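Let's go through this model together, asking at each step what lies behind the labels. The structure comes first, then the questions.

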Amino acid sequence: MAQHTVASRTDFQPTGRALPFVPEQPRDRSEHVTPLTAAQRGVEWMNRWGCPGFCVVPHGEPLALECHSTAPVETSLRAAEIDCSGYSENGEGLPWLTAQVIVHNEQDDPRGRETQVWLGYGVHLAEISPAQARQALDSLRAFTTRLAAVVGLAEQVAADDRTDEHHPQARG
Ligand SMILES: [Zn+2]
């Protein structure tokens with residue numbers, strides 16, 4: 001089933017651990033561990049868990065995903081850096097945008113095998129089909145052109161902004 005669902009990212013991180021959303025720029029480098037791929041773990045591991053070679057899920061560990069996943073790609077920009085609502089602070093430094101390939105192939109699953117893209121945006125997570133992800137990519141590409149126009153205009157207009165008194169440039 002390739003249904004579109006949106007779940008809270010925090011659902012997947014009850015302990016605040018960085019799995020499976022590995023931070024690109026961890027605040028504390030000593031916490032950063034590059035996850036092993038299934039291919040690096042070897043054939044025995046791949047056969048035991050039905051892992052594609054790209055999978056970085058630590059199967060068998062508490063809180064590990066019950067599916068297979070690539071290491072996510074993500075923006076270096078954190079959601080909380082640009083979200084004035086403060087809501088993103090609940091996500092504890094989640095990236096603004098993330099994307100990863102997910103494969104469900106649990107044995108005895110009547111659905112068989114299903115590939116998804118998980119597209120994260122702040123605390124939100126879209127679990128979508130590859131076709132839907134293609135739509136999202138096309139939409140994002142078109143949006144970046146319009147965003148560039150908005151940013152360009154804003155920069156021009158901002159040249160005349162007052163910078164004194166009660167007009168802080170940024171909050172938080
Ligand atoms: Zn796996």
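**Labels and the values behind them**

Q: Where does Gly42 sit in the chain?
A: Gly42 lies in the loop that links α1 (38–41) to α2 (43–49). Helices here are DSSP runs of H or I with at least four residues, strands are runs of E with at least two, and both are numbered from the N terminus. This is a predicted model, in which local features need pLDDT of at least 70, side-chain atom pairs count only at pLDDT 80 or more, and totals for chains, interfaces and linings use all residues. Residues are numbered from 1 along each chain as its sequence is written.

Q: Why is Gly42 called exposed?
A: A residue is buried if 20 or more other C-beta atoms lie within 10 Å of its own, exposed if 12 or fewer, and partly exposed in between, with C-beta atoms placed from the backbone. Gly42 has 11 such neighbours inside 10 Å, so it counts as exposed.

Q: What makes Asp83 partly exposed?
A: Asp83 has 16 C-beta neighbours inside 10 Å, and therefore counts as partly exposed. Asp83 belongs to the loop between α3 (79–82) and β4 (97–104). From Asp83 to Trp96 the C-alpha distance is 9.2 Å, for a sequence separation of 13 residues.

Q: How do you know that the span of α4 is close to what is expected?
A: The expected span of a helix is 1.5 Å times one less than its number of residues. Helix α4 (residues 130–158) has 29 residues and covers 40 Å from first C-alpha to last, close to the expected 42 Å.

Q: What makes α4 hardly covered?
A: Among the 29 residues of α4, the count of buried ones is zero. For the chain, 17% of the 172 residues count as buried.

Q: Why are β4 and β5 said to pair?
A: Two strands pair if DSSP finds at least two bridges between them. Eight bridges join β4 to strand β5 (residues 114–121), in the antiparallel sense. Among the residue pairs, Val103 faces Thr115 in β5, and His104 has Glu114 in β5 as its bridge partner.

Q: What else does β4 pair with?
A: β2 is joined to β4 by two bridges and runs antiparallel to it; here His68 has Val103 as its partner in β4. Strand β3 (residues 73–74) also pairs with β4 in the antiparallel sense, over two bridges, and Val73 stands opposite Ala99 there.

Q: How are β5 and β6 connected?
A: Five bridges join β5 to strand β6 (residues 124–128), and the two run antiparallel. β5 and β6 form a hairpin with two residues between them, and Gly122 in the turn has a positive phi of about 65°. In β6, Leu125 is the bridge partner of Gly120, while Glu127 stands opposite Trp118.

Q: Where is confidence lowest, and where is it highest?
A: The score used is pLDDT, the predictor's confidence in each residue, from 0 to 100. Strand β1 (residues 5–8) has the lowest mean, 49, and α4 the highest, 97. The mean for the chain is 80, and 72% of its residues reach 70 or more.

Q: Over which residues does pLDDT stay under 50?
A: Residues 1–5 stay under 50, and the model has six contacts for them beyond four places in sequence. Residues 10–31 stay under 50 as well, with 29 such contacts. Two residues are in contact if their C-beta atoms, placed from the backbone, lie within 7 Å.

Q: What is the overall pattern of the chain?
A: Along the sequence the elements read β-α-α-β-β-α-β-β-β-α, with four helices and six strands. Of the contacts with a separation of 6 or more, 49% are between residues 24 or more positions apart.
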